[in-house]
Amino acid sequence: GNLSHRVRLHADNICKVHAFLDDDESGRTAFGAARRAGLLTNASTNLTIVGGKNEAELEDLYAESVYTDILQHEIGLALAANGGDVKKKWSDRVRNLLRRAGKPHTELDVIVIKLKVALKAAELGYDCLHPSKTGPIDSLISALTLSVCPGSA
């Protein structure tokens, strides 16, 4: 929600800013506001777009092996590979899984699980990504590489 403020803050400190945002309502709204303010462009932004989903977040790019054990331990159930939830973004799927398991399902409960998944993904590095969903990260790497080393491709 405060993306424009953060971009201004870093730009004021002579930093070049590149945003990597969830492709959901809040990410797209924040990007739209920053673009209208002249703070970000399409070239300086990447979204976590996943084919077949109207909204996606970083966790949607991960291979299932990154979070399967964590969800099993925390919730006692696994995310369904098919069904009505499969087109929803990851945190909505986890929230629904918590409900189905009869577990607390507040925003904090989802954040705790997301943190554990983030730590596991950080351990794995690039290998945490699902092979068919690397596009947003590959594009981000390319954009950041070009901004640091303009002559490289």
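Is I111 buried, partly exposed or exposed? The structure is a predicted model, in which local features need pLDDT of at least 70, side-chain atom pairs count only at pLDDT 80 or more, and totals for chains, interfaces and linings use all residues. Residues are numbered from 1 along each chain as its sequence is written, and side-chain values use heavy atoms, without hydrogens and water.

I111 is partly exposed, at 45% relative accessible area. Here buried means under 20%, exposed over 50%, and partly exposed in between (1.4 Å probe, protein chains only). I111 sits in helix α5, residues 107–124. Helices (H or I, at least four residues) and strands (E, at least two) are DSSP runs, numbered from the N terminus.

The largest nonpolar core has 22 residues. Such a core is a set of buried Ala, Val, Leu, Ile, Met, Phe, Trp, Tyr and Cys residues joined through side-chain atoms within 4.5 Å. Y62, L71, W90, I113 and V117 touch the most other members. Helices α3 (64–75), α4 (90–100) and α5 each give two or more residues. The largest share, five residues, comes from α3. Another core, of eight residues, lies apart from it and includes A19, L21, A30 and L40.

In helix α1 (residues 3–12), the buried residues are L3, S4 and V7. Seen down the axis of α1, they fall within an arc of 95°, so they line one face of the helix. The arc is that of the directions from the helix axis to the C-beta atoms. These buried residues pack against β1 (19–21) and α2 (25–36), with contact meaning heavy atoms within 4.5 Å. Just after α1, I14 adopts a positive phi of about 60°.
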